[in-house]
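Biologist: Before we go into particular features, could you show me the model, so that I can learn how such features are read?

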Amino acid sequence: GNVSTANVKGLESMFINVAGLAFTNRTELVFSHTTYLKGTDINMFAFGFAQRIGDAGVLGMQIVSMSFGEIDVTTPDSPEGGIGTFEPNLLNISIAYSKAFSNSIYGGINIKIISESIADANAQGIAIDAGIQYVTGDKEQIKFGIALKNIGPTMKFSGDGLLQTAFLTGETSAFSMSTPSESFELPTALDIGASYDFYIGDWNRVTVAGNFRSNAFGKDQFMLGLEYALKSYLMLRAAYTYEDGITNKADRTTVFTGPSAGITVSIPTNKEKGSSIDFDYSYRATDPFSGTHSIGASIVF
């Protein structure tokens, strides 16, 4: 549910708060597939790689591809389609750097190259994420985080899809002219979060996390999450995201209804080095459609 701005660690931090990338100890690989709004044929595929560079920090790379399935081509003369299909695509390539500035302060920056395209039009852009985390307490159980996302110049579509054919009066041959595309801004967001770890014996941990998000083109959101961990072998999570009107279908302006949940199973492969293979599943409730489902795996070595 994007609630872990303060306590996210590892390669997943590149999406939530890049400062957490600094907690990567050696090398990490992540693969994931998301069925976005099940029933719409929208799928997301992600691959990430992170590598610690001595004491200097951690370098990360991430590629996210989003496909929307086949869509019928329609024109003013063929509004019902039947003349072919096209496939929109969205691709983000991210390069991040994060490091520990002290025993308590961690920060990072993420540069994203954005590409959006259909058959005959495309747009490219660049955006920057930045984040910081502060960790304190006898057991480092108190955490705070701030993340600023999608800061960058406006984007604009171009391509043959913006060309129109016209005839001049008295002329028999047609000519093409380009229709200017309106530029659009990126969906900037600011996250401010905090979390607290409760340790119960040597095996159990319960983490409570909260987050506030200010969206440039959406309503402000308040998120609350809970995680239970059995050592580092099993993690269970649940969260709820609230925004104005989300509890009333008539007033709701998002497809997400608030609840989300997830599970991680970690299999140690080398306890001395801290190596492991992790498997993840998460779910976000939606109305309409049948929710958003994500499965993933990470390799730490």
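Biologist: How many nonpolar, polar and charged residues does the lining of the largest cavity have, by class?

Modeller: Let me first say that this is a predicted model, in which local features need pLDDT of at least 70 and side-chain atom pairs count only at pLDDT 80 or more, while totals for chains, interfaces and linings use all residues. Residues are numbered from 1 along each chain as its sequence is written, and side-chain values use heavy atoms, with hydrogens and water left out. As to the classes, Ala, Val, Leu, Ile, Met, Phe, Trp, Tyr, Cys and Pro count as nonpolar, Asp, Glu, Lys and Arg as charged, and the others, Gly among them, as polar. By that scheme the lining of the largest cavity has seven nonpolar, one polar and two charged residues.

Biologist: What is a cavity here, and which residues line the largest cavity?

Modeller: On a 1 Å grid over the protein atoms alone, a cavity is a set of points where a 1.4 Å probe fits but cannot get out, whereas a pocket is an open set with protein on both sides within 12 Å along at least five of seven lines; lining residues have an atom within 4 Å of a point. Grid points are joined across faces, edges and corners, and a volume is the space filled by probe spheres set on the points. The structure holds one cavity of 30 Å³ or more, and the volume of the largest cavity is about 30 Å³. Its lining is made up of Met14, Phe15, Ile16, Asn17, Val18, Asp129, Ala130, Ala147, Leu148 and Lys149. Helix 1 (13-16), strand 8 (122-136) and strand 9 (142-151) are the elements that give two or more residues to this lining, where helices (H or I, at least four residues) and strands (E, at least two) are DSSP runs numbered from the N terminus.

Biologist: Which residues line the second largest pocket?

Modeller: Val73, Thr74, Thr75, Pro76, Phe86, Ile118, Ala119 and Asp120 line that pocket, in which about 240 Å³ of space lies. Its lining divides into five nonpolar, two polar and one charged residue.

Biologist: How should I read burial, and is Ala50 buried or exposed?

Modeller: A residue is buried under 20% relative accessible area, exposed over 50%, and partly exposed in between, with a 1.4 Å probe and protein chains only. Ala50, which lies in strand 2 (residues 42-53), counts as buried because its relative accessibility is 0%. Taking contact as heavy atoms within 4.5 Å, and leaving aside neighbours within four places in sequence, Ala50 touches residues including Leu21, Arg26, Glu28 and Val58. In the protein chain as a whole, 35% of the 301 residues count as buried.

Biologist: Which backbone features deserve a careful look, and where is Pro288 found?

Modeller: A peptide bond can be read from its omega angle, and the one joining Asp287 and Pro288 is cis, with omega of about 10°. Pro288 is found in the loop between strand 17 (275-286) and strand 18 (292-300). The loop between strand 17 and strand 18 is also the place of Phe289, which has a positive phi of about 70° although it is not a glycine. Phe289 counts as partly exposed, at 43% relative accessibility.

Biologist: What phi does Glu140 have?

Modeller: Glu140, again not a glycine, has a positive phi of about 55°, and it lies in the loop between strand 8 and strand 9. Its relative accessible area is 41%, so Glu140 is partly exposed.
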